Amino acid sequence: MSTKTTNEFGGEFGGVTLLGKAHSLSALFIVLLRATIGGMILFAGLGKVSEWPFDAAGYLANIDPASPVSGLYAAMASNAALMEIVNVVVPVTQLLIGVALIAGAFVRLAALGGAMQMMLFYLGGWSGEALALFDSTLVYAVVFLTVAAFGAGRVLGLDAYIERIEVGGQALVEKFPRLRYVLG
């Protein structure tokens with residue numbers, strides 16, 4: 001395996017140009033990161049399904065009052081109809097996100113869903129202490145966003161093939177350019 005640096009990446013953010021060169025092993029590590037975070041959320045979903053019925057009401061009703069979402073989550077927990085939906089949506093989305101990331105299909109969409117779910121867990125778990133600002137759910141959210149930003153589904157993933165599916169003589173992402181936001 002070559003260790004020659006050939007991949008460049010960068011962009012301009014707030015008037016500052018950021019440029020970098022990725023190591024040739026970067027592709028391997030982004031695949032490992034995608035599979036690891038995908039496996040983490042897949043097994044979280046499997047754990048909820050294996051202990052069915054899953055019930056998020058206890059978690060939502062007992063959020064630390066210092067959390068900025070404690071009132072919202074308590075209101076959600078007291079709404080039985082909403083809890084029926086939440087109790088299905090949480091494990092199902094965790095399973096779908098995990099499978100998508102492991103397979104490398106619809107990676108950006110799946111990673112965004114994972115980041116959103118981790119941010120909701122992060123806000124619910126925040127106790128207002130400065131040291132609690134950087135807990136594991138925040139780190140997981142950043143990992144999900146990193147996987148999305150690097151288009152990790154194009155490296156040993158199904159997104160590389162999905163993007164090239166021909167529709168009317170054009171590659172799928174050429175015919176429908178907005179799909180680049182969910183694939184990759």
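What is the mean pLDDT of the protein, and what share of its residues reach 70 or more? This is a predicted model, so start by colouring it by confidence. The mean pLDDT is 87, and 96% of the residues reach 70 or more.

**Stop 1: confidence.** Select strand β1, residues 7–13. Confidence is lowest here, at a mean of 73. Now select helix α4, residues 80–103. Confidence is highest there, at a mean of 95. Keep one caution in mind: where pLDDT is low, predicted coordinates should not be read in detail.

**Stop 2: the whole chain.** Zoom out and switch to cartoon. The protein has eight helices and four strands. Follow the elements from the N terminus: β-β-α-α-α-α-α-α-α-β-β-α. The C-alpha trace spans about 55 × 40 × 35 Å along its principal axes.

**Stop 3: the annotated spans.** Look at 27–46 on its own. This span is 100% helix and 0% strand, and its end C-alpha atoms lie 28 Å apart. Move to 138–156. Here the span is 63% helix and 0% strand, with end C-alpha atoms 27 Å apart.

**Stop 4: a cis bond.** Go to W52 and P53. The peptide bond from W52 to P53 is cis, with omega near 10°. P53 sits in the loop between α1 (26–50) and α2 (57–61).

**Stop 5: α1 against α6.** Show helix α1 (26–50) together with helix α6 (residues 136–149). How are the two placed? The axes of α1 and α6 come within 10 Å and cross at roughly 130°. The two helices are therefore oblique to each other. Their crossing is left-handed. To see the contact, select I30, L33, R34, I37, M40 and I41 on α1, then Y140, V143, F144, T146 and V147 on α6. Colour these residues by class: nine are nonpolar, one is polar and one is charged.

**Stop 6: α4 against α5.** Select helix α4 (residues 80–103) and helix α5 (residues 107–125). Phi of F106 is near 55°, a positive value in a residue other than glycine.

Now turn to the helix pair. The axes of α4 and α5 come within 9 Å and cross at roughly 140°. α4 and α5 are therefore oblique to each other. The crossing of α4 and α5 is left-handed. On the α4 side, pick V90, T93, Q94, I97, A100 and L101. On the α5 side, pick V107, A110, A111, G113, G114, Q117 and F121. By class, this contact of α4 with α5 has eight nonpolar and five polar residues, and no charged ones.

**Stop 7: α5 against α6.** Keep α5 (residues 107–125) and bring back α6 (residues 136–149). Which way do they run relative to each other? The two helices pack at an angle of about 165°, with their axes 8 Å apart. α5 and α6 are therefore roughly antiparallel, since their angle is over 145 degrees. The crossing of α5 and α6 is left-handed.

Show side chains on both. From α5, the contact uses V107, R108, A111, G114, A115, M118, M119, F121 and Y122. From α6, the contact uses T137, L138, Y140, A141, F144, L145, V147, A148 and A149. The class count for the contact of α5 with α6 is 15 nonpolar, two polar and one charged.

Leave α5 and α6 on screen. Click V107, A111, G114 and F121: these α5 residues touch α4 and also touch α6. Then click Y140, F144 and V147: these α6 residues touch α1 and also touch α5.

Conventions: Residues are numbered from 1 along each chain as its sequence is written. This is a predicted model: local features need pLDDT of at least 70, side-chain atom pairs count only at pLDDT 80 or more; totals for chains, interfaces and linings use all residues. Side-chain values use heavy atoms; hydrogens and water are left out. Axes are lines fitted to C-alpha atoms, for helices over the stretch in contact, and angles run from 0 to 180 degrees between N-to-C directions. Angles under 35 degrees count as roughly parallel, over 145 as roughly antiparallel, 65 to 115 as roughly perpendicular and the rest as oblique. A crossing is left-handed if the near helix is turned anticlockwise from the far one by less than a right angle, and right-handed if clockwise. Contact means heavy atoms within 4.5 Å. Ala, Val, Leu, Ile, Met, Phe, Trp, Tyr, Cys and Pro count as nonpolar, Asp, Glu, Lys and Arg as charged, and the others, Gly among them, as polar. pLDDT is the predictor's confidence in each residue, from 0 to 100.
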